[in-house]
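Biologist: I am new to this structure. Please show me how to read its features, one at a time.

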Amino acid sequence: MDTHSKDSSHAHSSISKQAEVVVITVPFPCHSHLNQLLHLSCLISSSYNIPVHYATASTHLRQAKLRFNDTTHFQNSQLHFHEFPTPDFLSPSPTPNPSNKFPTHLQPSFESSIRLRQPMAALLQNISATARKVIVIHDFMMAYVVQDIANFPNAKSYTFTPTCSFSSFFDGWQMMGKPLLEKPPPKGLPSIEGCYPTELLNLVARQIDFLKFTTGHIYNSCKSIEGTYIDLIAKDEFNKLVWSIGPLNLGGDYGRSNSNTPKNKCLEWLDKQAPKSVLYVSFGTTVTMTGEEIKELAMGLEQSKQKFLWVFRDADKGDIFTGEVTKEKLPEGFEERVKEVGRLVRDWAPQVEILGHPSTGGFMSHCGWNSCLESITMGVPIATWPMHSDQPKNAFLVTDILKVGLPVNTWEQREETVTSSTIAKVVQNLIASKEGEEIRKRAEELGASTRQAVEEGGVSRMELDSFIAHITRY
């Protein structure tokens, strides 16, 4: 792989004012996907002075900007936003008491992304007429939308994968019927059974034909976390280039809030707690819990006698700006009883800052890759409770391979109700036991090497420098 020094790639990109190289980033309309490509867009535009156009439907652009944790990057003159008209789609509320955790209520919004092909082709036409080279970095779920790139001789595309290499590799391996591997898969690897609904797999299938146009693959991952599996993927993609440039949540000054913005109430509460004493509880933007699970979790947190900060909100709708949000019920009198030890957050929580706070000692999570990366980079151990998609394998990576977490529930036990006593025990172990201390120590060591990876000369930064040198060369 061609790793140039950063200076040469800087020099490359600022040769002429008439755009030499222009990057277009095309995210998939789902929070964790929108967020990661927006981080990458900020990083390329600010660190390498290359014009970047972030292009998505207006509703999803508004969502991505609203939730971004460092909007100072939006003032950068090299970062441009393109709002495509939002295609019509149904935006139902999440299914209450779902039997399957996959957020099927988002499927209409996912499907609607297919209709961005025409506006995307128009944007390509427009930009390719004025730039020497157009580089399209698209979510792997948007290959269909960018297919017209084949008609522009000065344009090249690269897929962006926002999931971890471990789960990407083994999900693919299981889908292909488990062909022979050089080394046997890890013992206890979760099955793919029940992870993805047919509708989503059909949408994935629509992308496959158009992935052949891609020149290379970018992963939001890091060799210090999962080098073995990144190598397996690179080997698999024998004629494509592969770069692992994560974790993207650390590009620039992420995790440190802008001193001018008022402090979030939950951070003020954390300021008053002892170091590493609080469990942060959040199940991301796509999980809907059953009434029974909410009750057991509330009782488990109460029984654990540990401090906690619980983000208690509904899963996103396809359009987060429409209609009323249904409110789940907590057990009678719960908030009153725990007011000395726990806080509930009912709106958007500044997750990176919470995980980076000295008082946070653990994270109970659904194990979406964004959340795993944010927790790992901040050196915070994870109590894993996977719900759907890539989460079962991410959770297994955290507990069994990296050994920086404890399972609340495993994928094999997904049909069983997790009891309050199980929850209380895991929380106590993670926050207040010898075993928890050892796990935290490993998490802190892994966090330090991961943060180092994105610094100047670090392994992920060198991969990103190499990618930039690759796209800016003559």
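**Reading buried rings and packed helices**

Modeller: Start with Y144, which is buried, with a relative accessible area of 17%. Buried means under 20% relative accessible area, exposed means over 50%, and partly exposed lies in between (1.4 Å probe, protein chains only). This is a predicted model: local features need pLDDT of at least 70, side-chain atom pairs count only at pLDDT 80 or more, and totals for chains, interfaces and linings use all residues. Residues are numbered from 1 along each chain as its sequence is written, and side-chain values use heavy atoms, with hydrogens and water left out.

Biologist: How do I read a pair of aromatic rings, and how many aromatic pairs are found in the whole structure?

Modeller: A pair of aromatic rings is described by the distance of the centres and the angle of the planes. Rings of Phe, Tyr and Trp (its six-membered ring) pair if their centres lie within 6.5 Å; planes under 30 degrees apart count as stacked, over 60 as edge-to-face and the rest as tilted. A search of the whole structure gives 20 aromatic pairs. One of them joins F74 and F81: it is edge-to-face, 5.3 Å centre to centre, with 85° between the planes. F74 is buried, at a relative accessible area of 17%. F81 is partly exposed, at 22%.

Biologist: Which ring does Y144 pair with, and why is the pair edge-to-face?

Modeller: Y144 pairs with F210. The ring centres are 5.5 Å apart and the planes lie at 85°, so the pair is edge-to-face. This pair links distant parts of the chain, 66 residues apart. Y144 sits in the loop between β4 (133-139) and β5 (155-161), and F210 in the loop between α7 (198-208) and β6 (214-219). Helices (H or I, at least four residues) and strands (E, at least two) are DSSP runs, numbered from the N terminus.

Biologist: Which rings are linked into a cluster?

Modeller: Ring pairs link F166, F169, F170, W173, Y229 and F396.

Biologist: Now helix packing. At what angle do α6 and α8 pack?

Modeller: Axes are lines fitted to C-alpha atoms, for helices over the stretch in contact, and angles run from 0 to 180 degrees between N-to-C directions. Helix α6 (residues 165-175) and helix α8 (residues 223-236) pack at about 45°, with axes 8 Å apart. That makes α6 oblique to α8. Angles under 35 degrees count as roughly parallel, over 145 as roughly antiparallel, 65 to 115 as roughly perpendicular and the rest as oblique.

Biologist: Which residues of α6 and α8 meet?

Modeller: Contact means heavy atoms within 4.5 Å. From α6 come S165, F166, S168, F169 and F170; from α8 come E226, Y229, I230, L232, I233 and D236.

Biologist: How do α6 and α14 cross?

Modeller: The axes of α6 and helix α14 (residues 391-401) come within 9 Å and cross at roughly 120°. The two helices are therefore oblique to each other. F166, S167, F170, D171 and Q174 of α6 make the contact with K393, N394, F396, L397 and I401 of α14.

Biologist: Is helix α13 mostly covered or mostly open?

Modeller: Helix α13 (residues 369-377) is mostly covered, with 9 of its 9 residues buried. Among them are W369, C372 and I376. Just after α13, G379 takes a positive phi of about 70°.

Biologist: Is K425 buried or exposed?

Modeller: K425 is exposed, with a relative accessible area of 55%. K425 is found in helix α15 (residues 420-432).
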